[in-house]
Amino acid sequence: MQILLHEIKKIFSWKILLLLLFVNGILSFLLIEFDIKYFPNGRPALDSYRIGVEMIEKYGTHMDEDDFADFKKTYEVQLEEANHYLQTRKEFVDAGMGTYEDFRNYDRNNKEQDVLYDKVMFKEPVDMLWELEERSRLIENYKSKEISLEHYMKDANAKQKLRFNELIEAGHYPVYPEVAFANFKSFIYHVAITIIFSVVLVLLPIFIQDRSRRLLDLQYTAKKGRNLYKTKVAAGLISTFIVITTLLITYFGFYSLNHTSMFFSVPIHMFGGDFYWYDPTFFQYIVLTVVAIYILGFVFALLAMSFSSIMSNTIALIGIQIPFVIIMIKYGVFYMMRHIISIWVPKWVVPTSYSVMLVVSVVFIVLLWKREKKRDIVL
Amino acid sequence: MRIIFHECKKAFTSPILVVLILLFMAYNMFLIFSNSYFKEELKVVNELAETYGVKMTDESLHQFQQDLQKDFAKLNEITRKHTAQEFSSIDEFLNTLRYEDRDLYTEKEWAFFTQYQLKEMYFNLAKSIDSEYDRMDWKRMAKSEIEMYGLSGSAAKILQNEYDKFSQRFEEMKENREHKTWFFAGKPYKVHSFLFRTVFGHLIFEALILIVLATALITNYEFENRTNLVTYSTKRGRRLMKDKLAASLLMATAITAFLFVITLGTYFSVFDYSYLWESSISSALNWEYNLPYVSWWNLSFLAFLLLSILLVYMCMILFSAITFVISIFVKNSYFTFFLFTAFFAMAYMMNGFMPQSSMLIFIAGFNLSLLVMNPHMFFMGSGGLMMFKFYEMITVGVWMMIVSVLCIFSFKKFNKQEIY
C-alpha cells in the first residue's frame, strides 16, 4: 500500500502536473473552447435552441399530432404578430414588405429592401423574425418526416433498412431541433482527444524513468522484488483514473455553462442530423460516451506503460506512440466517439474495436509482466 | 568533422526515427495516389500550354477559338453519324443524352467529347478573366476583412494601408498581363490547395516531428545515457554542444531534403506539370475560393515552388535550433518534446489573444508556427490577416536573430551549468 502510494506520487511529480496543466490549457483553447463559448453559434442556432427548450417544456419528450397542431398554432400567432409589426412600420410598407410573406421573399437586388432586411435581421436582430423562420423550418421538417426517412433508406443496406423500419413503426422521427445534441457530440469528441493526449503524457515516463536512473538493480533485489512491476501498473491505472476523472469533471463543468440539461431526458432519435442503432436518451448517451472515454483512456494508458517498459530511450518511446496517437485522433476517435452508435457505421464495428483494443492492451501488459519476471536486468 | 558525423549517427541509426520516416513517406505517397483520380483531366491544360504557349495573348486565344470551332464541327460530325442530330453546344449534347445512348459512341469518341468539353471550359474561363478581375475591389475586401477579424483603431488602419498597396500591385499585374497564363482551373480541381496546403502541410508536420525528436535525441543523449561525466570532461568538453547543434541542423537538413525529394518526386510524377513550370503562380485560373491567389511578386510556378521549399527549410532549421535551446534548459527529451509542442501551439494561437485595436495583433502574427501552418499562402497578398508584403522575410529574419541570441545564451549557460 505504502509503495503504491509512493509510486502514484512519483507519477504526479510537480513537473508533470505543471506540464499537464499547461498542455490542457492549450488544448482547451484550441479544441474545446469553441463549443462552449459559441453555443448557440449565432443565428438561427440561438432561435433553434430557444424553440427547442420551449417545445420540451410544452410537449415533453415526444411530439404527437396534437402537439404538432399546437406548434402550428403558435407559429400562426407569431406570424400574425410579425405581420402586425411590419404593418406598423412605415418604411417596410413603403418598401413593399408589409406582410411577412413579402418580407421573406424579399428581392436581394432591390437596394431599399435589402437594407431594411439587413437592418432587422442582422444589425438589430428582431427575435420574432428569426424565430418564425426557424419554426417554419421545423414545421416543414415535421411534415416531410416520412419522405426524408425514405430518402435515407434508399442508400441503406439490409440491416440499416431493418432499423429504419423499426423507427418508422415506433413513430420515431427526428423532429426536434438538433443544436444542443450536435453541440454535445462535437464537445465530447474534442474532450476525448484531449484526454487521450493527457493520459499518454502522464504515463509515458513510468518505467523508463526508473530504468534510466538504474534503479532496477536496487528495486528488484529488495524484498518486494519484481512484484514492483505489478504495483507500478496498478499505480499507473489509478493515476489514469484520477486524470480522466479530474479532466472530465473540469470539462463537464465548462459544459454546464451551455445550459442544455432540459434536453437530457429526450431520446436521441428525436434530434435531427443522424440516425442511431439504439434509442438512448440524451443523458444515457452522455453516460455512454463517458464510459467510452474511460475505456479509450485505459487502453492508451496500458499501451503507454507497455511501451515505457520496452523502449530503450525516451525519444524512441515518444516516437513509437506518435503513429498510434495520430491514427487514433485522426480516424479512431471519429468513428469510436463521434459515430459511436451511428447507423452509418455497421453495428458490430464500434463494440468490436473497443473490445479488441482493450484485449490487446491487457494481453500486451500481461506478456510484459511474464517477461519481466525472467528478464536479465544486469544487461 | 568526425565528431559531428558521430553525433549525426546517433540520430540516423536510431531505429524509431528510421521507421517513422518510412511510415511518413508511405503515407505521403498514399495521400498523393488516393487523390490522383483527376490527373488525366489535368493533361488538357498542358496541351493548351504546349500548342498556344503558356502565356495567353489575344492572338493565341483567337487561334484557340478557331481550333475549338473545328472541334465543334467534328463533334457534330460524330453525332450526325450516330443519331442524325446536331447540337448547338457540347452542354446541350450532354444534357440531352439518354443513358441508353451512351453505348452508341466508341471510347475514342468519348475521349474526344471530354477533351472538347474541358477545352471549352478553359476557353470560357480565359475569356472571363478581364471582367472578373475588373470587378475586384480591394478596398471593399479590406473592409470585410477588418469586419471579419473585428479590427479597429490603428490595426484597422494598418490593414487598410496594406490593402491599398496591394491594390496597386494588382493594377500593375493587370497591366503586365502576368495573370494571363495557363494553369489548372482552380475551382474544379483545387490543385494549388492540394499541393501547397495538403501535401506541404503534411510534410511540414512530419518533418517537424522528426526534427524535434532527432534534435532532442542528439542534444540530450549524454544525459540520458549517463555518459555526460565522461564526454564533458574530455578535451573537447563542453564545446561538444556546438558540434551537437551543427549535427542537429545537419539532421534537420537531411530529414527535410529526404521528405521533400520523395514526396514531391511522387507528386510530380503523378501530376503532369511539364509545360506549366513557367506559368505564373498568380495565374487567374488559379482561383479556388472567393479570391484568386495573387502573389506580391511576379513569380513563376517553379520559382514559387523553389522559394516555398526554401522557406520551409529555413523554418525547419529554426525549429531545430529552438528545440536545441529547450533541450539545454530542461536536459530531458520527454519535457523537451512536450514543451516544444506547447511552444508551437502557443505561438500559433498568440494573435488570437491580442487586442484587436492595436498593432500587437500583427506583431504577434509574425511567428513561425503561423507561417508554416499556411503554406498555401506563402508570398500571397490576397486574403488573410497576415498578408504583408515582406511577411515571410520579416518572420524568418526576426526569428533567426532571436534564435541566434538564444543559442549563444544557452552555450554560455551550458558552460557553467552543472552536468550531473
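Q: How far apart do the C-alpha centres of domain 1 and domain 2 of chain A lie?
A: First, the ground rules: this is a predicted model, in which local features need pLDDT of at least 70, side-chain atom pairs count only at pLDDT 80 or more, and totals for chains, interfaces and linings use all residues. Residues are numbered from 1 along each chain as its sequence is written, while chains are lettered from A and ligands numbered from 1 in the order in which they are written. In chain A, domain 1 takes in 2-40 + 176-374 and domain 2 takes in 64-143, with bounds that come from an automatic or database domain assignment. The C-alpha centres of these two domains of chain A are separated by 48 Å.

Q: What separates the centres of domain 1 and domain 2 in chain B, taken over C-alpha atoms?
A: Chain B is split into domain 1 (2-37 + 184-416) and domain 2 (57-135). Its C-alpha atoms fill a box of roughly 95 × 50 × 35 Å along the principal axes. Between the centres of the two domains of chain B there are 45 Å.

Q: How many helices does chain B have?
A: Helices here are DSSP runs of H or I with at least four residues, strands are E runs of at least two, and both are numbered from the N terminus. By that count chain B has 0 strands. Its number of helices is 17.

Q: Which helix gives the largest share of the side of chain B that touches chain A?
A: Two residues are in contact if their C-beta atoms, placed from the backbone, lie within 7 Å. The contact uses 20 residues of chain A and 19 residues of chain B. On the side of chain B, the elements giving two or more residues are helix 2 (15-34), helix 10 and helix 14 (333-349). The largest share, 9 residues, is from helix 14 of chain B.

Q: How many residues on the side of chain B that touches chain A are nonpolar?
A: Nonpolar means Ala, Val, Leu, Ile, Met, Phe, Trp, Tyr, Cys or Pro; charged means Asp, Glu, Lys or Arg; and the others, Gly among them, are polar. This side has 2 polar residues and 1 charged one. The nonpolar count is 16.

Q: How far does helix 14 of chain B reach from its first C-alpha to its last?
A: The expected span of a helix is 1.5 Å times one less than its number of residues. Helix 14 of chain B has 17 residues, and its reach is close to the expected value. From first C-alpha to last, that reach is 24 Å.

Q: Why does B:Met316 count as buried?
A: B:Met316 sits in helix 13 (residues 301-330) of chain B. Leaving out residues up to four places away in sequence, it touches B:Ala207, B:Ile211, B:Ala252 and B:Thr256. A residue is buried if 20 or more other C-beta atoms (placed from the backbone) lie within 10 Å of its own, exposed if 12 or fewer, and partly exposed in between. B:Met316 counts as buried because its C-beta neighbours inside 10 Å number 24.

Q: How far apart are the end C-alpha atoms of residues 233-254 of chain A?
A: An unreviewed UniProt entry lists several transmembrane regions for chain A, among them 187-208 and 233-254. UniProt positions follow the numbering used here, feature names are shortened, and annotations may be inferred rather than shown by experiment. In the model, residues 187-208 are 95% helix with ends 34 Å apart. Residues 233-254 are 100% helix, and their end C-alpha atoms are separated by 32 Å.

Q: Which helices of chain A do the buried residues of helix 8 pack against?
A: Helix 8 of chain A runs over residues 127-143. Its buried residues include A:Leu129, A:Glu131 and A:Arg135. The packing partners, also in chain A, are helix 3 (45-59), helix 4 (65-88), helix 6 (100-104) and helix 7 (111-123).
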